[in-house]
Every structure is written in structure tokens, then in C-alpha cells.
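Dear colleague,

Please find below the structure that I am handing over to you. The notes that follow it set out what was found.

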Amino acid sequence: MTSFDFDRRRMLALGLGAAATAFVHPGWAAAPYPALDRPALTVREPQRSVLLAVTQAGSRLVAVGERGIVVLSDDQGERWRQAAAVPASVTLTAVRFVDAAHGWAVGHGGVILHSTDGGEHWERQADGRSLAQTGLREASANGTPAQLRAAQQLVDDGPDKPLLDLHFFDREHGMVVGAANLCFETRDGGRTWVSAAQRMDNPRAMHLYAVRADGDTLHIAGEQGLLLRSRDAGRTFERLKTPYDGSWFTLEVPRPGVVVAAGLRGNVFVSSDHGGHWAPLIGAPAVSIVGSTVSVDRSLFFVTQSGQVLALHPFTQDRTVRVLEGPPLAPLAGLLTTRDGALITVGAAGVARIATPARAGTAWLPTGAVR
């Protein structure tokens, strides 16, 4: 992994490795970041934009992507429209809702956005500038010399590091993670944030790509085999041993105690004891798995950087990941299953919908018209 690999999960998914390198060029460190203060780009067909993540907000679907674009669907992915107001035009990398109204999105520039109306309108709660200052204040008051140096470097670099994933336990308590060991926590719904980086056993400041929870047990996955576990809702963390030292780009918890981690070269491993012991899943092609979701029946679905959709049906003795049949897709970044049993994928070509993902040979359906 290079030092410019911080957003590898999404950049690999979209085939934008060169663009990622340009984005984090050291010469940008002292430059202003106008996209943080510029509203999202308005586009005619937002559902065809580069989109990186999709989630459920009650009965509504919410997807986010480049240039601050947020798209909404109220008919399970048949038709899409752009959100009414997003205050930043940076690339958004992840989105989660705790109920039909309250959700958060994170992305480049360290931005954290919050919605209280199902994704129609968003406000900025924090970004890389304010988060860096928060980290510096905390390190100045309580940190070690090494932590103080790291915090000062974050301020000096400017908001050049993205947040890549998030988890909210409820409307008040949440955590966001990202490049170079970025990890911040809120316990007041995002009004204030504190750094949680010092809780991580991550001395090389490796990137944190995914976070998932099983009750109060929180798992964080990162580069070079990094897996961290908290048993107390993020207050303390321990580092787990895994049989693979390549990067993990996605995590799922399909049922209590079971954790699935996937990443580079099609590697997928499962643990049935909260990450204590791991076993490989077979059958995935040797391309990076960059997104995942769990369906109502606890089937697992994955997407790859080459545009494939993979399925692993409820756990049995057969631990084989299978490629779903269908016409070729553009590089993918994320997906979810809808209430009517469809799969929604997002990626370089925007949104795609598959109506019956359990059946072999199912065709991918085009998205509907914008309202």
C-alpha cells in the first residue's frame, strides 16, 4: 500500500487510482478547500452520477457520491431525484440512517453532514478543519508527545484526508472513521466530536475503511490486515489477529457473534466468535471486494471493483461465495437489499437495480427517470 492509498476502497471500486493520487498530492496541504463550502453540484440525472454508498431511511433509499450529490428514491429504487440541499460539494463516501428521518453522511475533506428529514436537507456538523483543531486541543491537554505531533500534523496538512465510514448506535452516539487512523466520536448527535484515535492500537496510522456493530461490540477494519474490536461501544479497543495481512475494505455482522470481513484479491473470512477465530470463504474471484450488505434472510451480498455482484446465502456447511449472473456492470462501490427483495447497486455508472438477485441469470434493470 502506498501513502496515497487512503481512499482505496472507493477509488479501487471506481478505477480512479490516478485521481486519488492527484487528490492527495502534498502540494495541496496548504491550499484552500473550496468544495467544503460550496453547495453540491446540481445535475440533470443525479442517479447516473458516480455514487459510492446507499442506505435505507425508513421506506426511502438514500445514495451519496461525488461532488456532494445525494439522491433519493421513494419507490424502492425505481425512480430517483436529487436532495434539496447539501452544503458541500466534496465526494461523499458513506451514509447511514438510524431511523426514517435522522442520518449522517461522511466524505472527503473530513466532512460530516447530518439530516433530520430523511435526506432532503443536510447541514454540516464538522469537517477536516474543525476535527483537526479538536484533536490538537485534546492532544495538547492530555496527549503524549507523539500524539501531539500527530495532531499538529493533521492541522498543518489541512482537510486532505477523507472519512470513509460511520456507525451510529442511536440518534446521539456515533463514530466516524477514515484515512490515517482518523476516528471521532459524538455522544450528542454530532453537535460536538472528540477524537478516539488514541484508543486504537494502530501505531502506523493505517487507514480505517469500515465499521460495523453487533450491539455494543464494534468492529473496525483497515489496511494491511488491521481489525480492531471494542466490546464497550467504542470506549476501548483491542487489536485482533487475522489470517490475512492485506487490506479489508468492508465488514458485515449477519447475525450476533458472526463477523465477515472482505477485501483485496477477493479474500473473504468469517468469524463466529466476534473475531476470535477466522475461516476463509471460498469461490470469490481474485478481485477486490469493496462493498457489502446483509439481506432480511441474512444472505450476504458483495460488490467488486470489476463490477461483479457476489452472493453468500444463509450460513450452512457450504461456505461458497457465488457470482450472480447478468450483463456486465461498471465498477461498483456499494449496495443494499430493498424491502421488496431487489438489490440496489451504486458505482461509476450510478444506480442499478436487480429485481430477483436469488435467481441465476437475472438481468440488471435500468434505473427509472428522475422526477
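In the hairpin formed by S2 and S3, four residues lie between the strands, and Arg67 takes a positive phi near 55 degrees. Helices (H or I, at least four residues) and strands (E, at least two) are DSSP runs, numbered from the N terminus. Please note that this is a predicted model, in which local features need pLDDT of at least 70 and side-chain atom pairs count only at pLDDT 80 or more, while totals for chains, interfaces and linings use all residues. Residues are numbered from 1 along each chain as its sequence is written, and side-chain values use heavy atoms, with hydrogens and water left out.

Strand S2 (residues 60-65) is joined to strand S3 (residues 70-73) by four bridges, and the two run antiparallel; two strands pair if DSSP finds at least two bridges between them. Within this pairing, Val62 stands opposite Leu72 in S3. Strand S1 (residues 51-57) is joined to S2 by six bridges, again in an antiparallel arrangement, and Leu51 faces Gly65 in S2. S1 and S2 also form a hairpin, with two residues between them, and Gly58 in the turn has a positive phi of about 65 degrees.

Six of the six residues of S2 are buried, so the strand is largely enclosed by the rest of the structure. Buried means under 20% relative accessible area, exposed over 50%, and partly exposed in between (1.4 Å probe, protein chains only). Arg60, Val62 and Val64 point one way from S2, whereas Leu61, Ala63 and Gly65 point the other way. In a regular strand the side chains alternate between the two faces of the sheet.

**Helix H4**

Helix H4 (residues 145-157) has 13 residues and reaches 18 Å from its first C-alpha to its last, close to the 18 Å expected at 1.5 Å a residue; the expected span is 1.5 Å times one less than the number of residues. Ala151, Leu154 and Asp157 are buried in H4. They cover an arc of only 125 degrees around the axis, which puts them on the same side of H4; the arc is that of the directions from the helix axis to the C-beta atoms. Helix H3 (128-142) is included in what covers these buried residues. The face turned away from the buried side carries the exposed residues Pro145 and Arg149. Gly158 follows H4 and has a positive phi, near 80 degrees.

**Arg229**

Arg229 is found in strand S15 (residues 227-230) and is buried, with a relative accessible area of 7%. A polar atom of its side chain lies 2.8 Å from the backbone oxygen of His274. Not counting residues up to four places away in sequence, Arg229 touches several others, among them Thr217, Phe237, Asp273 and His274; contact means heavy atoms within 4.5 Å.

**The open sheet and Val294**

Four strands form an open sheet in the order S21-S22-S23-S24, with antiparallel pairing. S21 and strand S24 (322-323) stand at the edges, each with a single partner strand, so one side of each is left without a neighbour in the sheet. Four bridges join strand S22 (residues 300-304) to strand S23 (residues 309-312), and Phe301 stands opposite Ala311 in S23.

Val294 lies in strand S21 (residues 289-294) and is partly exposed, with a relative accessible area of 24%. Leaving aside neighbours within four places in sequence, Val294 is in contact with Glu252, Pro254, Ser299, Leu300 and Thr337.

Notes: Polar contact = N/O pair within 3.5 Å; in protein donor to acceptor, adjacent residues only side chain to side chain.
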